[in-house]
Amino acid sequence: MLRGGVVEEFYRGFAQRARDLAEKADPFTKRRLLDLAKRYDLKSTGSSYGRAPAPRATPPNVLFSGSGEA
């Protein structure tokens, strides 16, 4: 099992690979890869913060702007 600095280095390596791939990716994929790199960075620092919730594509008030009747 991986311990201590080895785990941190493992996640840092993954984060760097994701950033390297993002440099050559289309805008959508680049955004996803950079988000993934950020998550790996959080894991490499041993942060107790969980995964950040994904941003909403559409605000909730737009989704439910009808009259309210089915």
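The model is predicted, and local features are reported at pLDDT of at least 70, side-chain atom pairs only at pLDDT 80 or more, and totals for chains, interfaces and linings over all residues. Residues are numbered from 1 along each chain as its sequence is written, and side-chain values use heavy atoms, with hydrogens and water left out.

The protein chain holds 3 helices and 0 strands, and its elements follow the order α-α-α from the N terminus. Here helices (H or I, at least four residues) and strands (E, at least two) are DSSP runs, numbered from the N terminus. Of the 70 residues in the chain, 13% are buried, where buried means under 20% relative accessible area, exposed over 50%, and partly exposed in between (1.4 Å probe, protein chains only). The accessible surface (Shrake-Rupley method, 1.4 Å probe) is about 6200 Å², and carbon and sulfur atoms account for 57% of that surface.

The largest nonpolar core is made of 7 residues, namely Tyr 11, Ala 15, Ala 18, Ala 22, Leu 33, Ala 37 and Tyr 40. Such a core is a set of buried Ala, Val, Leu, Ile, Met, Phe, Trp, Tyr and Cys residues joined through side-chain atoms within 4.5 Å. At least two of the core residues come from each of α1 (4–22) and α2 (27–44), with α1 giving the most, 4 residues. Within this picture, Ala 18 touches Leu 33 and Ala 37 (heavy atoms within 4.5 Å), when residues up to four places away in sequence are not counted.

The buried residues of α2 are Leu 33, Ala 37, Tyr 40 and Ser 44. Viewed down the axis of α2, these buried residues fall within an arc of 60°, so they line one face of the helix; the arc is taken from the directions from the helix axis to the C-beta atoms. Residues three or four places apart in an α-helix point the same way because there are 3.6 residues a turn. On the face of α2 turned away from the buried side sit the exposed residues Pro 27, Arg 31, Arg 32 and Lys 38.

Ser 44, also in α2, is buried with a relative accessible area of 4%. Apart from neighbours within four places in sequence, Ser 44 is in contact with Glu 8, Tyr 11 and Arg 12.
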